[in-house]
Amino acid sequence: MKKLIDKISATGKFTADEIISVLRDGTPETDEYLFSVADNVRRRNYGDEVYIRGLVEISNYCKNNCLYCGIRAGNKNVERYRLSEEDILSCCDEGYRLGFRTFVLQGGEDNHFTDEVVCAILKKIKGKYPDCAVTLSLGERTRESYQRLYDAGADRYLLRHETADAVHYGKLHPDTMRYDERMRCLSDLKEIGYQVGAGFMVGSPFQTYENLAKDLLFLAEFRPHMVGIGPFIPHCDTPFGKEKRGALRDTLVMVALTRLILPNALIPSTTALGSIHPEGREMGLKAGANVVMPNLSPGDVRKLYALYENKASSGSEAAEGLEILRRQVENAGYRIVVSRGDFKG
C-alpha cells in the first residue's frame, strides 16, 4: 500500500482500482502514511500557511429540491431568510477588520439574487476593498450570467459537482436537475477565467468506492483550482433524513488523495468535518487541506442555513472566534496568514 501511495504522489497517475484499494484495504498505519505524504505535498507547495475565507451565507431560499439538502425548496420547516445588500456589506466590513481578505458569498439558488443585484454587491465590495478576493457559490446559472458576475469583480466560483457518476447524480437530485448541466456550468466557469472549485460529499446515499474513484478521475482531468470535500450529514427534513452519516476516515482519505493528484489545489478543511468530530478541522489540515472558512454571517441566521443537522456555527467556526481558530491551527502545526490566498499554479 505504501508503494502505491508513493507512486500516486510521485506521478499523479492512478487507476480506479488503485483508489478503491486505498479506500477498501487501508489500515490505520497506511492511512497515517497517506496523510503524512499528503501533508508533505501541501508543505512543498504552500508551506505551513492556512488561508482563511470569510463565509457569508446570503440566503437560505432555494428553488431546487436536492434530496440531501436541508434548505431544499420542499422543506416547509425551514425559517427562511435573505440578507440585504447592506447586511452583506456590513459582514464584509467586519471581516476586513478581523483580517479576512477573501469573502465567500454563498446561498441557495434564490431568484432574488439576479445578475443585477449580485453585480451591484460585487462592485461595492471590490470598490471598497480592492485588495480582497470575492468568491461566489450561488449554484447553476447561464454562461452569460457567470460572465457578467466575473466582469463585475468575482474572482472565484464554488460549485460542487457532488458526484462524477451520472446515475448516482440522478439518485441525489430531482428530475429537474441534470448531471450534464452541472458539468456545463463547471466548464463555462473555467473557460471564463474564474478560479473554480468543484467537490463532493463522502458517504452520500447510494455512493460506492467506485463512485469515489470516479470523482478523483474527474478531478484529475478537470483540474479545478479548489476542491471542497466533506462527509455526508443527513438532515431530518429531507428524504435522506434517516441515512447513515459519511465516515470521517473515508473523508480524510479522499482529502489526502486529492492533495496527491492536485498538489497546488486549495482544499478547505470543511465545516462538515468540524461538525462530526471535535478535532475534525485539524485532522483535515493534517491530511492535506490548507483553507478554513469561518462564518461571517449575522449570528441570528447562522443556524438557519442548515444544509445538514448539527452544523457547527460558533466557537472556532465563527469569525469572532478567530483567536480560538488561530490557536487550533497553530497546535496542529500550521499558521493562519492574512492574504487573498490565491491558487499557486
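Select Y51 and then V291 in strand β8: the two are bridge partners. Strands here are DSSP runs of E with at least two residues, helices are runs of H or I with at least four, and both are numbered from the N terminus. This is a predicted model, in which local features need pLDDT of at least 70, side-chain atom pairs count only at pLDDT 80 or more, and totals for chains, interfaces and linings use all residues. Residues are numbered from 1 along each chain, and side-chain values use heavy atoms, without hydrogens and water.

Next, select residues 49–52, strand β1, which runs parallel to β8 and is joined to it by two bridges. Strands pair if DSSP finds at least two bridges between them.

Move to L136. Which residues does L136 touch, leaving aside those up to four places away in sequence? They are L105, V118, L122, L149, A154, R156, Y157 and L158, where contact means heavy atoms within 4.5 Å.

Finish at D110, in the loop between β3 (102–107) and α5 (115–128). D110 is buried, with a relative accessible area of 8%; buried means under 20%, exposed over 50% and partly exposed in between, with a 1.4 Å probe and protein chains only. Show S59, Y61 and R82 as well: D110 touches these, not counting residues up to four places away in sequence.
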